[in-house]
Amino acid sequence: MSRRARLILITALAVLALLVGIVALAVHVLLKPARFTAMMEKAAASAGFVLRIDRPAETQWWPHLGVRVRGLRLSVAGADSPLLVAGEAYVVVPWHSLLGGTVAIDELQLQAPRVDLAQVPAALDAVSPSPAAAGVPRWPTIAAGVSITHGQLLRGEEVLLRDVQLETGSLVPGQRFSLLASASSLGGMPLSLRFSALPQQGDRGISLQSIQLQIAAGKAEAELAGRLAWPGGDRIEGRLQGSLARDDQTYRLELQAEPGSAADEGTGVRMALNGEGAHLTMRLQPAQAAQWWSGIASGGPLALPPVNAQAEVATLDLGSLHLEGLRIDSDGQPAATSAARTPVPAAAASASPR
């Protein structure tokens, strides 16, 4: 290459670099990243959370126009520990944001976030409306989808799930919502969840129509379909029906919301599982379950959840323990630490190490 050609090439590259720098500066000036972080902090505060970002936001315009923030912490107002910690978050924004106007977000991407389940009860209290709140509940419109990669689920300092991946669409009434998640346990068992439904807003409240739910954990997989509705207060209506498959066996599975049997009881969830060698009926009170989980999450004794349950299982494997002819009848009292068992003939029930 001649000296003149090299000079032309160097000049062209310098001009190109200058143009790229000018475009990047113009995008940063027009986009104003600080307004997006301010919007996120305001939205968190209005929901009862505190969002802290360690470093100023940076503009990124490839492969998608967006704002990158580092050192993100989301906490319930007044809590000592954060609910969510992420080393990096990427906020994808529409190109029309360069023209100013309404601040909008297309997608929120979180890389390697850590979610503490011990903070979940306080978070639910912060976002849940009072059961006595007047008026018909309404769906919030969340135009931004969420993407999580390489996440972890913890309880305090204990890691429960790792390599959590999650993708959701936007939540808009009248448009189908979808969620796809996967993770693995510390023992290496793969877990996955697929969920889709049609959110609807009506005069009697909000509902999820045409629910399709698939849950897989190791060798077990459940598929459910149905609908759920919330007219307001502490009432939930609906039913999910489907199947549970495990070890070449298929069981009928049903989940149904039921009104409380006492005046101070809210809606409970009844689960029925039926198939060859197994029959299980269980009723769970969400309020009692929340109290039970709070005790477990705060380091309390490991106790059975407060459920009303009747079970007949031909065989049951618990680690190295193999049970046969098992029958269980639990009264669901919160104070109970173990399930009461009905008398079982010795010939019909036995236990042996595997």
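**Hairpin, helix and core**

Biologist: Which residue in the hairpin of strand 15 and strand 16 takes a positive phi near 85 degrees?

Modeller: This hairpin has two residues between its strands. Strands here are DSSP runs (E, at least two residues), numbered from the N terminus. The residue with the positive phi is Gly 277.

Biologist: What pLDDT do side-chain atom pairs need in this predicted model?

Modeller: Residues are numbered from 1 along each chain as its sequence is written, and side-chain values use heavy atoms, leaving out hydrogens and water. The model is predicted: totals for chains, interfaces and linings use all residues, local features need pLDDT of at least 70, and side-chain atom pairs count only at pLDDT 80 or more.

Biologist: Which residue stands opposite Met 271 in strand 16?

Modeller: Strand 15 (residues 268-275) also pairs with strand 14 (residues 249-258), antiparallel, over seven bridges. Pairing takes at least two DSSP bridges. Strand 15 and strand 16 (residues 278-284) run antiparallel too, joined by seven bridges. There, Met 271 faces Met 282.

Biologist: How far does helix 2 reach from its first C-alpha to its last?

Modeller: Helix 2 is a DSSP run (H or I, at least four residues). It covers residues 33-46, 14 residues in total.

Biologist: Why does Thr 37 count as buried?

Modeller: Thr 37 lies in helix 2. Buried means under 20% relative accessible area, exposed over 50%, partly exposed in between (1.4 Å probe, protein chains only). Thr 37 is buried because its relative accessible area is 12%.

Biologist: Which residues does Thr 37 contact, leaving aside neighbours within four places in sequence?

Modeller: Contact means heavy atoms within 4.5 Å. By that cut-off, Thr 37 touches Ile 53, Ala 57 and Val 69.

Biologist: Which residues have the most contacts inside the largest nonpolar core?

Modeller: A nonpolar core is a set of buried Ala, Val, Leu, Ile, Met, Phe, Trp, Tyr and Cys residues joined through side-chain atoms within 4.5 Å. The largest one has 25 residues, and Val 69 and Leu 72 have the most contacts inside it. Elements giving it two or more residues are helix 2, strand 1 (49-53), strand 3 (66-76) and strand 4 (84-92). The answer is Val 69 and Leu 72.

Biologist: Is Gln 111 buried or partly exposed?

Modeller: Gln 111 sits in strand 5 (residues 107-111). Beyond four places in sequence, its contacts include Arg 68 and Thr 149. Its relative accessibility is 35%, so Gln 111 is partly exposed.

Methods. The expected span of a helix is 1.5 Å times one less than its number of residues.
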